[in-house]
Amino acid sequence: MSVRKKAFELLIEIAIHGKYSNLLLKKELVGFDDRDKALISNIVYGTLQNYRYINYQWKDYTEKPVKREIKLLLDMSVYQMFFLDRIPDFAIIDDAVEIAKGKYEGKYAGFVNAILRQVQRKGKRTIEGDDFEELAIRTSFPTWIVRMWAKQYGMETTIQLCEDSLHIPNQTVRINTIKSSKEELMQSNQYTEGKLSPVALYFKKGSIAATEDFKYGRTSVQDEASQMVALTLNPTEDDVVLDMCSAPGSKTGHMAALMKNRGKIIATDIHPHRLELVKATMRRLGCINVDYQVMDATKASEHFETNRFDKILVDAPCSGYGTLKRKNEIKMFMEPEDMDGIIKTQKGILAQAYIVLKPGGEMVYSTCTLNKKENELQIKSFIEAHPDMEILSEETIFPFTYDSDGFFICKMRKMEE
Ligand SMILES: C[S@@+](CC[C@H](N)C(=O)[O-])C[C@H]1O[C@@H](n2cnc3c(N)ncnc32)[C@H](O)[C@@H]1O
């Protein structure tokens, strides 16, 4: 199968059928050589990352409603014409026409040809609209989120956030100190040192999952800002810790390492199949101080006695807007109402965490999103409802500062009775 046809099929799966891009590409690119793999990945991720900008380049050249698959074919072709210098336009257009011929009995081949020839003739369009609209189209975001971020964080930060989402992210591992050390791993020349977390290494090239270090549990794939969560909670060897939303287990493994495999972590998640991922990861990492329990964290006090835990991690389900350079398709699907249910769940989990936390105990609330309603305002309302909780630290890590994901991390303490 041609490289572009494969890219097109993958885009249909992601953009129309809602599959996760990183999982799909990992599975579907087996058997392609490295050059083809790189080109297919580039076309798929590039089209997703720039979906609104490239669509803007051709959408006014037709008044007819365009079928979703044909729209994707045009988007993908325009992406290649404007972003990939090495492929001549005529080859991209010919290929798109050939792919269209195979769809809907060839009905759209002429249409695809006509639109792409217009794009080729007219070149890049100047973006029209106010500052919010211009930024949203240029960096391919829905305009509502640009307005929301500008209101919450200011325009300068919003521009940085939007532009940062177009970068290819670092591949980062956490050193699993249960099995290895920085000194040992750095000997292999596969890594450079991280910038934020003391146990982060950047993987230089290739697939982390294919390395011996990963296979034997010396490393865990984990973004650097994400590593700051367990470091902030800082559980010790004597603690009994509740990890309320633990799957797939990145932070559980980190906490086990900080606790030197002593004390106890109870790892819970609402989804049994996701809790299985935590178990598998703990086996690979050699973590032996973890117990597992399927649990809806909004009902934690039905499972555990009051005041039981020394430390609690609430790594809450969230809108995920801090992970946009890693999960490009979120930008395409994000809707303002997505947040409503999540905010309610976060509130419910926090209220339950409070009940099962010991007086004098500490808890971290974290999200991988940039949205004050899920972060600062969520904490503000929690503290108002629980005046015996004090904030020890509250930090937003923007994804552009350390080329990491974006995280919000708040550490709190329950005052002694
Ligand atoms: C941000 S992820 C957690 C990531 C994890 N802490 C890690 O470091 O790998 C949020 C998790 O919360 C779980 N979740 C969602 N709603 C929940 C609920 N009501 N109770 C418990 N877990 C929930 C999801 O299944 C998901 O695994």
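Let's start with the largest nonpolar core, which has 54 residues; Met244, Ile312, Val314, Ala353 and Val364 are the ones that touch the most other members. A nonpolar core here is a set of buried Ala, Val, Leu, Ile, Met, Phe, Trp, Tyr and Cys residues joined through C-beta atoms within 7 Å. A residue is buried if 20 or more other C-beta atoms lie within 10 Å of its own, exposed if 12 or fewer, and partly exposed in between, with C-beta atoms placed from the backbone. Helix H18 (residues 338-356) supplies the largest share of this core, six residues. Helices (H or I, at least four residues) and strands (E, at least two) are DSSP runs, numbered from the N terminus.

Before going on, keep in mind that this is a predicted model: local features need pLDDT of at least 70, side-chain atom pairs count only at pLDDT 80 or more, and totals for chains, interfaces and linings use all residues. Residues are numbered from 1 along each chain as its sequence is written.

Back to the core. Leaving aside residues up to four places away in sequence, Ala353 touches Met244, Ala300, Ile312, Val314 and Met363. Two residues are in contact if their C-beta atoms, placed from the backbone, lie within 7 Å. Apart from this core lies another one, of 46 residues, including Tyr53, Ile70, Ile93 and Met148.

Now look at a pair of helices. H4 (residues 51-58) and H5 (residues 68-83) pack with their axes 9 Å apart, at an angle of about 95 degrees. Axes are lines fitted to C-alpha atoms, for helices over the stretch in contact, and angles run from 0 to 180 degrees between N-to-C directions. H4 and H5 are therefore roughly perpendicular to each other (angles of 65 to 115 degrees count that way, under 35 as roughly parallel, over 145 as roughly antiparallel and the rest as oblique). On the H4 side the contact uses Tyr51, Ile54, Asn55, Gln57 and Trp58, and on the H5 side Leu74, Asp75, Val78, Tyr79 and Phe82.

What about the records? UniProt, in an unreviewed entry, places "domain: SAM-dependent MTase RsmB/NOP-type" at residues 145-417. That span is 36% helix and 23% strand, and its end C-alpha atoms lie 42 Å apart. UniProt also lists Cys368 under "active site", again from an unreviewed entry. Such annotations may be inferred rather than shown by experiment. Where does Cys368 sit? You'll find Cys368 in the loop between strand E9 (357-367) and helix H19 (376-385). Cys368 counts as buried because it has 24 C-beta neighbours inside 10 Å. Beyond residues up to four places away in sequence, Cys368 touches Ser226, Cys318, Gly320, Gly322, Thr323, Asp405, Gly406 and Phe407.

Next comes helix H14 (residues 250-258). Nine of its nine residues are buried, so H14 is largely enclosed by the rest of the structure. In the loop between strand E5 (240-243) and H14 lies Pro248, and a cis peptide bond with omega of about 5 degrees joins Ala247 and Pro248.

Most residues other than glycine have a negative phi, and most peptide bonds are trans. Lys260, which follows H14, has a positive phi near 55 degrees. Asn234, in the loop between helix H13 (224-233) and E5, also has a positive phi, near 55 degrees. With 14 C-beta neighbours inside 10 Å, Asn234 counts as partly exposed.
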